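Please open the model in your viewer and keep the selection tool at hand. The stops below go from a sheet to a pair of strands, then to a nonpolar core and a chain contact.

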Amino acid sequence: MKHLVAGAALGLMLTGAAFAQEKVVNVGVLTDMSGPYADVGGAGSTVAAQMAIDDSGLIAKGWKINLISADHQNKVDVGSNLAREWIDQGKADVILDSLNSGVALAVNQIVKEKNKVFLVSGAASSDLTGKSCSPNTIHWTYDTFSQANGTGKALTKAGGDSWYFITADYAFGKALERDTTAVVKATGGKVLGDVMAPLNNADFSSQLLQAQASKAKVIGLANAGADTANAIKQAAEFGITQGGQNLAALLMFITDVHALGLQAAQGLDFTTAYYWDLNDKTRDFGNRFAQKMKNGAKPSMVQAGVYSALIHYLKAVEALGPTGDGAAIVSTMKSMPTEDEAMGKGYIRQDGRKIHPMYLLQVKKPSESKYPWDYAKVVLTLPGEEAFRPLAQSECPLVKK
Amino acid sequence: MIPLLGITTQALFAQLLVGLINGAFYALLSLGLAVIFGMLNIVNFAHGALYMMGAFAAWFLLNYFHIGYWPALVLAPLGVGLIGMVIERTMLTRLAGLDHIYGLLLTFGIALIIQGLFQNYFGASGQPYPVPDLLKGGANLGFMYLPNYRAWTVLFSIAVCLATWFAIEKTRLGSVLRAATENPQLTRAFGVNVPRLITLTYGFGVGLAALAGVLAAPIYQVRPLMGADLIVVVFAVVVIGGMGSIMGSIVTGLLLGLVEGLTKVFYPQAANTVVFVIMVLVLLVRPAGLFGKKA
């Protein structure tokens, strides 16, 4: 009898918990708020997530959506602990952004273990849909393969057939160098060497001198954020481009161009999933976003990706109804085509790769820039099927071959 | 990793020169710290933030008042030094006679607040600052391309360092200053206004940090965390040189720049840690630092 009562009480509690769970979504934005990538994601990623929540219209339909955000400080242990804590305490059903490949690869495991949802916008490593792919993870905006395939291929084709890399010394930089090396070789070029630089490196003169001495036609910068900006600025100082070598910013964001100024950044190619000045919709999204930012910055592709991913996630949640089953939500997301203001139409592949066009942009000369944030022109549009790693080459166990 | 034998003498010279350039920055920053510690007995953790403010001051002057690099080289250290003196007068002076840890905590807190404020308004990636026209371009030395601006920073910082050393160790003002540190009461009895001297000294140390900031502005992005990244290394330099030793911090700064440059050639992965490895070794063998007097 005693057991029965206890069992009934437990049952009541469980249904109570289920009731409490009903029509509630907890969104967590895990990003770099203070380090070298803070302008690429950071507070702007939280702004983008809030915009997605507002635009989804779910609140009017009786849903309660909580948004929290935190700084992973680019430390794998800090990021992992935050993700674990959020999930264990019921603060996050979905984790977004994770702007750092090291952190993302760790959170990827935790989210899979706990069967929640991980929508990666900021992290770059293509391993997230390769050997580390997960039924709970979607890699949304770009990856090291798409960057290599955009900027890397374009420069090699344009005659830059020998490369030297300056690489950020962690998971992301190594993945970017690896993927670019593959593209360069496939396009008929060769790689002469590489040198590692730690994350958040202020002085690149040593690395630049080695790159200069290598006589490679292209110096590939396999880094991001403030590191890229510093490297480009110092490359000009050391007369790299005057000496006939080209710089390849393999991962450059619009916020980096803004930080560098057009004088220093002009002529550089970069590959992006979003640029605010592409069409009316992207402009509208960009302007709405900029109004919410303290410094009036236009969104980076990472921030646009956070918006796009969360819009689609909320569509899937609405279609599926309240559930704690992350893998079920992700498979619903994969079954629906994606469409939103920031990134247009697309779809999600079975390996968790979101597919959409990528744009190869070139930074304008100062004289070509007519209004604020008029920074780049489109050189080439890569259709989604060409931009991302073909499924046939995938190491992802989820892909049935 | 690059094999040892693969290094040509040309590359070696180039890296040594680059190391010397970085060393000049270390020397200038650690000199300010050493002056402040030597005279005020304060471990100034706000030094990195004040260095950053120097760079931002130059940027403000250029973008809002169209005042170029050369005047900024004087105006920014003066302005930031003045802010430093206000900090000393209103806050640090209250900690006189207390344990080091209080000064450390206070200055660390000040640094966090300053950096947070700048980050809030300017973001993390920072602002560009151009190289002054006079120093654009560079010279081909045969073994490397040396940008004129870098050559200027080395010469200028070494000159400033030596001038500071001279002023403190060899002039009358310096001897009064040292007397005030050694025995404030007795110095007061000679009619010297010791608190004012201390405020001016702190302002001077801060001014040196701001000067380094202006020198750094055309090389690095002017960004809120530029000082936070550097300050840890600079503290290691001060510890290795011997806390409070003026010449020690200058020589150690330059030497460690060179060692770091060499490490970047032979084993780049260790470039960020080599300074701390040396610090551990020095503390084991000579706890007072290379140039420090035994306590």
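**A parallel sheet in chain A**

Begin in chain A, where 4 strands in the order E7-E6-E8-E9 form an open sheet whose pairing is parallel. This is a predicted model. Select strand E7 (190-197) and strand E9 (246-249) of chain A to see the edge strands, each of which pairs on one side only. Looking across the sheet, you will find a twist that averages 20° from one strand to the next.

Now select strand E6 (residues 162-168) of chain A together with E7(A): the two pair in the parallel sense over 7 bridges, and within this pairing A:Phe165 stands opposite A:Asp194 in E7(A).

**Strand E14 and its two partners**

Strand E10 (residues 269-272) of chain A pairs with E14(A) in the antiparallel sense over 4 bridges, and here A:Asp269 has A:Gln362 as its bridge partner. Strand E15 (residues 376-382) of chain A also pairs with E14(A) in the antiparallel sense, over 6 bridges, and in that pairing A:Val363 stands opposite A:Ala376.

**The largest nonpolar core**

Select A:Leu310 and B:Ala210, which, of the 217 residues in the largest nonpolar core, touch the most other members. H1(B) gives the most to this core, with 18 residues, while in chain A the core draws at least three residues from each of domain 1 (24-142 + 279-356) and domain 2 (145-272 + 358-387). Around A:Leu310, leaving aside residues up to four places away in sequence, show A:Val27, A:Ala49, A:Ala52 and A:Leu96, which A:Leu310 touches.

**Where chain B touches chain A**

Finally, select the contact between the chains, which takes 30 residues from chain B and 34 residues from chain A. On the side of chain B that touches chain A, the elements giving two or more residues are helix H1 (9-40), strand E2 (145-147), helix H9 (226-241) and helix H10 (246-266) of chain B. The largest share of that side, 5 residues, comes from H1(B). Colouring this side of chain B by residue class separates 15 nonpolar, 12 polar and 3 charged residues.

Conventions
Residues are numbered from 1 along each chain as its sequence is written. Chains are lettered from A and ligands numbered from 1 in the order in which they are written. This is a predicted model: local features need pLDDT of at least 70, side-chain atom pairs count only at pLDDT 80 or more; totals for chains, interfaces and linings use all residues. Two strands pair if DSSP finds at least two bridges between them. Two residues are in contact if their C-beta atoms, placed from the backbone, lie within 7 Å. Ala, Val, Leu, Ile, Met, Phe, Trp, Tyr, Cys and Pro count as nonpolar, Asp, Glu, Lys and Arg as charged, and the others, Gly among them, as polar. Axes are lines fitted to C-alpha atoms, for helices over the stretch in contact, and angles run from 0 to 180 degrees between N-to-C directions. A nonpolar core is a set of buried Ala, Val, Leu, Ile, Met, Phe, Trp, Tyr and Cys residues joined through C-beta atoms within 7 Å. A residue is buried if 20 or more other C-beta atoms lie within 10 Å of its own, exposed if 12 or fewer, and partly exposed in between; C-beta atoms are placed from the backbone. Domain bounds come from an automatic or database domain assignment.
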